[in-house]
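Dear colleague,

Please find the structure below, followed by a short account of what was found in it.

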Amino acid sequence: MGGVLHGWRGAYMPHAHLSAQNIANAVLAALCLAPSIWATLERAHCEPLPPAAERSLARGGFCWCEMALAHPLFSSSWLFFWNVTVGFWLVGCAQRSFWLIDPFWTLLPPLIGAFYASHPDASPPCPLRLSAALVLVCLWSARLTHSYFRREEWKFGQQEDWRYTAMAEANPLMWWGLSFF
């Protein structure tokens, strides 16, 4: 089934639940989580860091464990930039639709919360408070995810957020660059 095109990309692309498009989009959405899941699981297997005087990120080569353990804020931002900003932008340009970011806005807060909460140095003064906050963020995420998929008629990538379509129509020649930001 063809989509209704707006400008250079599609805003609404209807497809059936078991269509090749819906299955491909579901697989793509799952695969896009892979780098974040890998990074969190990999960090769980990292050896404890030596004292600060004995370590350096510039000692020759990239070391995810060292960066993730010594600089959790930087490492989560670095991962977000490459996985979400660059990765989703490339997928959006290839598909001519930026639908993929919408479901991930519902999943990223609990993923980032789990990333920080699972850090070996995470020792909050009140662990129950941390757990309660993570549960509340997960409940919020579940509600928002449900709302997203209900709007999408329980399909992946059927409808792009109207704001992306409006921006693309207003800036057709510069959209590929503007959409990155």
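The side chains of Asp-102 and Arg-151 form a salt bridge, with N and O 3.6 Å apart; a salt bridge here is a side-chain nitrogen of Lys or Arg within 4 Å of a carboxyl oxygen of Asp or Glu. Asp-102 belongs to helix α4 and Arg-151 to helix α5, so the pair ties together parts 49 residues apart in sequence. Asp-102 is buried, at a relative accessible area of 10%, whereas Arg-151 is partly exposed at 40% (buried means under 20% relative accessible area, exposed over 50%, partly exposed in between, with a 1.4 Å probe and protein chains only).

Please note that this is a predicted model, in which local features need pLDDT of at least 70, side-chain atom pairs count only at pLDDT 80 or more, and totals for chains, interfaces and linings use all residues. Residues are numbered from 1 along each chain as its sequence is written, and side-chain values use heavy atoms, leaving out hydrogens and water.

The count comes to 4 salt bridges. One of them joins Arg-163 to Asp-161, the closest N and O atoms being 2.6 Å apart. Arg-163 is partly exposed at 47% relative accessibility, while Asp-161 is buried at 7%. Salt bridges with shared partners also link Asp-102, Arg-151 and Glu-152 into one network.

Another salt bridge, at 3.7 Å from N to O, pairs Glu-153 with Lys-155. Glu-153 counts as partly exposed, at 40% relative accessibility, and Lys-155 as buried, at 10%. Of the 181 residues in the protein, 34% are buried.

Yours sincerely

Definitions and conventions
Helices (H or I, at least four residues) and strands (E, at least two) are DSSP runs, numbered from the N terminus.
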